[in-house]
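Here's a quick tour for anyone meeting this structure for the first time. Take a look at it, then read on.

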Amino acid sequence: MSSEPSLDLPPAQQARSRLTQQRILDAGTALLEEGGTEALTVAAVAARAGVAVGSVYRRFGDKDRLIAALQHDMIEQFDADIVRRFAPLGTDPVALVTSAVTGLTETYQAHERLMRVFLAAGATDPAVARVGSEAAIGADRVFRRFLEPIVPMIDGPEPELRLDVVYRLIYGTCQNRVLYGDLFESDRPLTWRQLTDELVEVACRYLLGVPAR
């Protein structure tokens, strides 16, 4: 057994360090939601979190690395939220499709303010776009895995393709809404709930050949 001293911090310090880190992340998230990436500076985050500027630099480095950390934190929360929301409403195919579609749209709605910042940033920052794409593809895998039980019942010659198209439809629709709101491409008001219900209907008819309701 090695006699080298442990480099781990004492538990109390670890707890304080984790608390400080979370305060910095929370402060950065709030600034992004309020004013986008332009509002995010290391000094502003430090002031909002009530910590020294050096504390932010030690944990996250410069602004770009801090934004990357905030994006990673949002994605972790988004992924956990999807898993939590993908709770089967029933075991029949329509119930599973309804659960999957609703789980996706509700997760996008819950994270829309911060997601809007990263979607906009991804249009000019390849690193942000790459991480966002990886997260979207990961959500697609969760979506398809959840709907594996209905694959034999899908009404079409290429069931996996149909699942992929449904996910792309939901993702693209939610992304457009997050970025531009509900009146960008149409002057007809549409709540998130109404949008979800209609996407469920489209998915059930396309995948199963039956109405949702």
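At what angle do the axes of helix H5 and helix H9 cross? This is a predicted model, and in it the axes of H5 (residues 93–110) and H9 (residues 192–208) cross at roughly 140°, coming within 9 Å. The crossing of H5 past H9 is right-handed. On the H5 side, the residues making the contact include Val 97, Val 101 and Tyr 108, while H9 brings in Trp 192, Leu 199 and Leu 207, among others. Sorted by kind, the contact residues come out as twelve nonpolar, five polar and two charged.

Now for the rings. There are six aromatic pairs in the structure, and here are two of them:

| Pair | Centre to centre | Angle between planes | Type |
|---|---|---|---|
| Tyr 108 and Tyr 171 | 6.1 Å | 65° | edge-to-face |
| Tyr 167 and Tyr 171 | 6.2 Å | 20° | stacked |

Tyr 108 sits in helix H5 and Tyr 171 in helix H8 (residues 159–180), so that pair links parts of the chain 63 residues apart. Tyr 167 and Tyr 171, on the other hand, both lie in H8, four residues apart, or about one turn of the helix.

Which of these tyrosines are buried, and which partly exposed? Tyr 108 is buried at 2% relative accessible area, and Tyr 167 is buried too, at 5%. Tyr 171 is partly exposed, at 23%.

Note on methods: Residues are numbered from 1 along each chain as its sequence is written. This is a predicted model: local features need pLDDT of at least 70, side-chain atom pairs count only at pLDDT 80 or more; totals for chains, interfaces and linings use all residues. Side-chain values use heavy atoms; hydrogens and water are left out. Axes are lines fitted to C-alpha atoms, for helices over the stretch in contact, and angles run from 0 to 180 degrees between N-to-C directions. Helices (H or I, at least four residues) and strands (E, at least two) are DSSP runs, numbered from the N terminus. A crossing is left-handed if the near helix is turned anticlockwise from the far one by less than a right angle, and right-handed if clockwise. Contact means heavy atoms within 4.5 Å. Ala, Val, Leu, Ile, Met, Phe, Trp, Tyr, Cys and Pro count as nonpolar, Asp, Glu, Lys and Arg as charged, and the others, Gly among them, as polar. Rings of Phe, Tyr and Trp (its six-membered ring) pair if their centres lie within 6.5 Å; planes under 30 degrees apart count as stacked, over 60 as edge-to-face and the rest as tilted. Buried means under 20% relative accessible area, exposed over 50%, partly exposed in between (1.4 Å probe, protein chains only).
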